[in-house]
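Please look over the sequence and the model that follow, and keep both at hand while reading.

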Amino acid sequence: MKLALAAAAVSLAAAVTPATAQTVMKVGTETNGVPFSFLDPATQQMQGFMVDLIQAVGKHAGFTPAVEPMEFSALISSLTSRKIDIIASAMYITDKRRQVIDFTKPVYTYGEGMIVPSTDKTDYTSYQAFKDRVVGAQVGTVYVDALKSAGIFKEIKVYDTIPDIMRDVNAGRIEAGIADYPTLSYYLGQGQFPRSRLVQSYKASLPGSIGLGLRQGEDALKQKLQAALDELKRSGELDALLKKWKLV
């Protein structure tokens, strides 16, 4: 009898374990993408709009997100190599990226901003004004491609993170930085990089939308994620998160 019960227990464990494992989804997100995703130095916990969003999505879709911080440039390769299951970061949905991974419908749309040394008082409206000058952008972003396509700059420095760009602008090592407007605005609003300023006259020319990223062909997961996002929008939870992180 004991042997039969033991065998039944092993059989039950074998049946339950795969289902249990499927309730945890590894979610990759950027460590320096405030206010979308960032590592809080005080708590050593990931925070931000996209972090809160994936937690809310998990509750509605029936899984527990295990958030894994990493560099922005590592997100897509980590997804395609199955190190993570979902991307929850400020990653533009583009045709080029859709050739490699899939996305949900957009959850937020914004454009780029420009940061320059505070001693530069010019009211720039475009990065075209920096012909034959040194500018910077973050690796893996659409901004790098756009700046290279312009073909007008003395040098385009490529950085791992947006704070790295801002440090070099702040120190006068580059003349302008192009990056996500919400992130630039958030850092400067916190009093960081005081020798830099956000160019308010700048007109964004590279607007884009962000959503959750997943591997191609995972239609069932995509349907779950989208259904959860639709419910968050309908209930007002999505708007509440946007307001919490000052994105509206």
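When the whole structure is searched, one cavity of 30 Å³ or more is found. On a 1 Å grid over the protein atoms alone, a cavity is a set of points where a 1.4 Å probe fits but cannot get out, whereas a pocket is an open set with protein on both sides within 12 Å along at least five of seven lines; lining residues have an atom within 4 Å of a point. Grid points are joined across faces, edges and corners, and a volume is the space filled by probe spheres set on the points.

The largest cavity has a volume of about 100 Å³, and 13 residues line it, with Phe72, Ala90, Thr141, Tyr143 and Asp180 nearest its centre. At least two lining residues come from each of α5 (142-150) and β12 (176-180), where helices (H or I, at least four residues) and strands (E, at least two) are DSSP runs numbered from the N terminus. The lining of this cavity has eight nonpolar, two polar and three charged residues; here Ala, Val, Leu, Ile, Met, Phe, Trp, Tyr, Cys and Pro count as nonpolar, Asp, Glu, Lys and Arg as charged, and the others, Gly among them, as polar.

## How the model should be read

This is a predicted model, in which local features need pLDDT of at least 70 and side-chain atom pairs count only at pLDDT 80 or more, while totals for chains, interfaces and linings use all residues. Residues are numbered from 1 along each chain as its sequence is written, and side-chain values use heavy atoms, with hydrogens and water left out.

The mean pLDDT (the predictor's confidence in each residue, from 0 to 100) is 92 for the protein chain, and 91% of its residues reach 70 or more. Over residues 1-21, however, pLDDT stays under 50, and the model has zero contacts beyond four places in sequence for them, a contact being heavy atoms within 4.5 Å. Where pLDDT is low, the predicted coordinates should not be read in detail.

The domain assignment gives domain 1 (23-107 + 211-245) and domain 2 (111-207), with bounds that come from an automatic or database domain assignment. Their centres, taken over C-alpha atoms, are separated by 26 Å, and 15 residues of domain 1 are in contact with 19 residues of domain 2. Each of the two domains supplies at least three residues to the lining of the largest cavity.

Where does the largest pocket lie? Both domain 1 and domain 2 give residues to its lining, so the largest pocket lies between them. This pocket holds about 290 Å³ of space, and of the 13 residues that line it, Ile76, Lys96, Arg97, Gly140 and Asp145 are the closest to its centre. The helices α3 (75-80), α4 (95-98) and α5 each supply at least two lining residues, and by class the lining has six nonpolar, four polar and three charged residues.

## Backbone details and the record

Val34 and Pro35 are joined by a cis peptide bond, with omega about 0 degrees, and Pro35 is found in the loop between β2 (32-33) and β3 (37-40). Arg82, in the loop between α3 and β6 (86-87), has a positive phi of about 65 degrees although it is not a glycine.

An unreviewed UniProt entry lists "domain: Solute-binding protein family 3/N-terminal" at residues 24-248; UniProt positions are given in the numbering used here, feature names are shortened, and annotations may be inferred rather than shown by experiment. The span 24-248 is 33% helix and 26% strand, and its end C-alpha atoms lie 31 Å apart.
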